[in-house]
Amino acid sequence: MSSENHERPNPPARTARHGWVKLCPHWSVNNIHDVHINALRELGIAGVLLDLDNTLVRWHQEEMTAETLAWITELQEAGMKLCILSNSVLSTRSERIATRLGCFFVRSARKPGIQGFRKAMELMGTTPDTTLIVGDQMFTDILGGNRSGVYTVMVKPLEKHEFAYTRYVSRPPERVLLAMLRKRGHLKHL
Ligand SMILES: [Mg+2]
């Protein structure tokens with residue numbers, strides 16, 4: 001373990017996810033900046049799938065912070081492949097952002113379905129063993145990631161503003177399940 005990142009959180013090992021534990025991320029962090037390059041190397045990751053809304057950018061926004069851009073550049077310079085994996089159907093926003101960043105994208109990904117994950121891994125030339133997803137939602141990003149066999153990282157949403165469906169239908173059970181998973185020792189972080 002590198003000593004230069006001793007204040008940064010270390011990623012838990014990848015463990016198999018069965019049954020309802022497929023809802024449990026391998027790693028729970030505050031934001032993308034906790035997912036540092038040394039952690040990715042330690043996990044043997046070659047490709048990173050990125051959720052868009054409330055993970056990389058604020059809900060329905062296109063601009064990202066200088067820190068987020070720096071994080072992306074650092075990963076790219078280290079040779080990581082990146083792919084935006086977004087469920088939005090109508091917007092071409094993910095395409096515009098991906099073009100600007102110089103990374104791959106899959107929109108209408110239909111997470112937690114696994115087709116979008118497969119397509120993204122094909123684009124990046126990675127396998128589930130060398131792929132990780134970062135996202136803010138249990139029922140799309142995390143469930144889809146675990147079903148696809150990739151390493152799953154859950155971040156806290158960047159802001160409270162989100163689809164009414166997400167806010168009122170997905171988040172309440174997500175909170176209950178996170179508490180249960182934590183209580184049973186499946187989720188040791190945060
Ligand atoms: Mg999201």
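Q: Take a salt bridge to be a side-chain nitrogen of Lys or Arg within 4 Å of a carboxyl oxygen of Asp or Glu; how many salt bridges does the count come to by this rule?
A: Seven salt bridges. Bear in mind that this is a predicted model, where local features need pLDDT of at least 70 and side-chain atom pairs count only at pLDDT 80 or more, while totals for chains, interfaces and linings use all residues. Residues are numbered from 1 along each chain as its sequence is written, and side-chain values use heavy atoms, with hydrogens and water left out.

Q: What makes R58 and E159 a salt bridge?
A: Their side chains meet at 3.3 Å, N to O, and the rule asks for within 4 Å, so the pair qualifies. R58 sits in the loop between β2 and α2, and E159 in the loop between β6 (151–154) and α6 (164–183), so the pair ties together parts 101 residues apart in sequence. Helices (H or I, at least four residues) and strands (E, at least two) are DSSP runs here, numbered from the N terminus.

Q: Why are R58 and E159 called partly exposed?
A: Buried means under 20% relative accessible area and exposed means over 50%, with partly exposed in between (1.4 Å probe, protein chains only). R58 has 43% and E159 has 22%, so both land in the in-between class.

Q: How do you know that R171 and D136 are buried, and what joins them?
A: R171 comes out at 6% relative accessibility and D136 at 1%, so both fall under the 20% cut-off. Their side chains meet in a salt bridge at 2.6 Å, N to O. With R171 in helix α6 and D136 in the loop between β5 and α5 (138–148), the pair links parts that are 35 residues apart in sequence.

Q: Which other salt bridge does R171 make, and how far apart along the helix are the partners?
A: R171 also pairs with E174, again at 2.6 Å, N to O. The two are three residues apart in α6, so about one helical turn separates them. Both R171 and E174 are buried. Elsewhere, salt bridges with shared partners join D51, K111 and D141 into one network.

Q: What makes D51, D53 and D136 donors of the magnesium ion?
A: A donor is an N, O or S atom within 2.8 Å of the metal (3.2 Å for Na, K and Ca). D51 (OD), D53 (O) and D136 (OD) lie 2.1 to 2.2 Å from the ion, so they pass. Water is not among the atoms, so the site may look incomplete. Along the chain the donors are spaced D-x1-D-x82-D. D51 and D53 are buried.

Q: Why are the buried residues of α3 said to lie on the same side?
A: In α3 (residues 93–101), the buried ones are R93, S94, I97, A98 and L101. They cover an arc of only 125 degrees around the axis, which puts them on the same side of the helix; the arc is taken from the directions from the axis to the C-beta atoms. They pack against α2 (66–77), β3 (81–85) and β4 (104–106), contact meaning heavy atoms within 4.5 Å.

Q: What makes β3 largely enclosed?
A: Four of its five residues are buried, so the rest of the structure largely encloses β3.

Q: How do you know that β3 pairs with β2 and with β4?
A: Pairing takes at least two DSSP bridges between two strands. G47 has K81 as its bridge partner, and L85 has V106.

Q: Why is the β3, α3 and β4 unit called right-handed?
A: With the strands pointing away from the viewer, right-handed means that the path from the first strand over the helix to the second runs clockwise. β3, α3 and β4 make such a right-handed β-α-β unit.

Q: What makes β1 and β4 edge strands?
A: The open sheet of six strands has the order β1-β6-β5-β2-β3-β4, with parallel pairing. β1 (27–28) and β4 each pair on one side only.
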